[in-house]
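Have a look at the model below before reading on. The notes after it walk through the parts worth a click or two.

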Amino acid sequence: MLQKQFLKSVLNGINLEPTDEQLGKLSAYFDMVVEKNKQFNLTAITDENDFVVKHYEDSLFGASEIPVGARVLDIGCGGGFPCVPLAIMRPDLQIVGLDSTAKKVVFVSESARALGLDNLTTVAGRAEEQRVMYGVFDAVTARAVSSLPVLLELVAPMLKVGGRFVAYKTDEMELAQAKNAQKVLNLQFDHSKVGTLSNGERRAILVFKKTGATPPQYPRQYGTIKKKPL
Ligand code: SAH
């Protein structure tokens with residue numbers, strides 16, 4: 001069980017006002033992750049207060065950058081971050097959690113059902129192989145998945161023109177190496193939201209906007225993307 005008062009005060013600190021029901025769901029999800037973590041690795045963070053800050057505060061620090069009512073894809077959602085806290089705190093969003101590791105996706109989808117989150121569905125598979133998702137989303141999120149040039153290539157096709165990529169990063173350093181990828185993919189850096197978590201760690205949410213169609217040769221196969229990032 002999480003200390004709900006601590007959770008509440010941390011979320012208040014990022015301008016969120018969780019209801020008792022939302023606090024209950026966040027607390028229940030912590031229990032589910034810790035339990036499932038005994039079977040296979042979902043997270044190295046199981047200390048209660050660390051979990052609140054490093055998973056919940058961090059996942060929700062980017063919430064303000066996601067437009068109201070958006071269809072959202074969370075690429076590489078792993079154990080459900082940021083998609084689960086976002087689905088709990090933002091019932092206006094329709095979120096798809098995507099991960100290449102099927103057992104993680106099964107866990108997220110079973111948890112979403114148990115928590116009554118009807119705004120969160122999941123897909124097991126690799127981002128670069130999901131052609132049916134092209135042009136579908138208003139926003140894409142990704143936390144701790146890959147370097148920025150690689151991510152931009154995975155993300156660009158999924159967005160509608162005008163849609164935004166909300167990248168969870170520690171700072172703006174990686175932007176320099178993603179200049180060419182932005183240009184080639186028509187996915188331009190728009191602004192960032194920089195701040196510190198309650199434990200003093202720096203965070204930067206980098207927001208990109210899709211300004212035009214993605215050239216049809218992208219995304220390439222994952223091996224090529226990794227070996228020769230744009
Ligand atoms: N976003 C989660 C998990 C990060 S670990 C969190 O912040 O806690 C990175 C995850 O990305 C892994 O679960 C891995 O399976 C997934 N992943 C990496 N490359 C991927 C790809 N090309 N398509 C889909 N999932 C991918």
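## Notes on the model

Asn186 is partly exposed at 25% relative accessible area, where partly exposed sits between buried (under 20%) and exposed (over 50%), using a 1.4 Å probe and protein chains only. Its phi is near 55 degrees, a positive value in a residue other than glycine, and Asn186 belongs to the loop between α7 (179–185) and β6. Helices here are DSSP runs of H or I with at least four residues and strands are E runs of at least two, numbered from the N terminus.

A bit of housekeeping: this is a predicted model, in which local features need pLDDT of at least 70 and side-chain atom pairs count only at pLDDT 80 or more, while totals for chains, interfaces and linings use all residues. Residues are numbered from 1 along each chain as its sequence is written, and side-chain values use heavy atoms, leaving out hydrogens and water.

Ala144 is another residue with a positive phi, near 60 degrees. Ala144 lies in the loop between β4 and α6 and is exposed, with a relative accessible area of 76%. For context, most residues other than glycine have a negative phi, and most peptide bonds are trans.

| Cis peptide bond | Omega |
|---|---|
| Phe81 to Pro82 | about 5 degrees |
| Tyr218 to Pro219 | near 0 degrees |

Pro82 is in the loop between β1 and α4 (83–89), and Pro219 is in the loop between β7 and α8 (222–227).

Now for the sheet. Seven strands make up an open, mixed sheet in the order β3-β2-β1-β4-β5-β7-β6; two strands pair if DSSP finds at least two bridges between them. The edges are β3 (120–124) and β6 (187–196), each with a single partner strand, so one side of each has no neighbour in the sheet. On average, neighbouring strands are turned by 20 degrees against each other, direction ignored.

Strands β4 (residues 137–143) and β5 (residues 159–169) run parallel and are joined by six bridges, with Thr141 partnered by Val166 in β5. Helix α3 (residues 48–61) packs on the sheet, touching β4, β5, β6 and β7 (202–210), and its direction makes about 145 degrees with that of β4. Contact means heavy atoms within 4.5 Å, and axes are lines fitted to C-alpha atoms (for helices, over the stretch in contact), with angles from 0 to 180 degrees between N-to-C directions.

Strands β6 and β7 run antiparallel, with nine bridges between them.

What about disulfides, pairs of cysteine sulfur atoms within 2.5 Å? The structure holds zero of them. The sulfur of Cys77 has its closest cysteine sulfur in Cys83, 4.3 Å away, which is too far for a bond. Cys77 is buried at 2% relative accessibility, and Cys83 is buried at 0%.

Finally, the ligand. There are 17 residues around it, of which Gly76, Phe81, Asp99, Ala127 and Arg143 come nearest; a residue counts as near if one of its heavy atoms lies within 4 Å. Polar contacts are pairs of N or O atoms within 3.5 Å; within protein, one must be able to donate a hydrogen and the other to accept it, and residues adjacent in sequence count only if both atoms are side-chain atoms. A ligand nitrogen is 2.8 Å from a polar backbone atom of Gly76, and a ligand oxygen is 2.9 Å from an N or O atom in the side chain of Lys104.

Terms used:
Disulfide = S-S within 2.5 Å.
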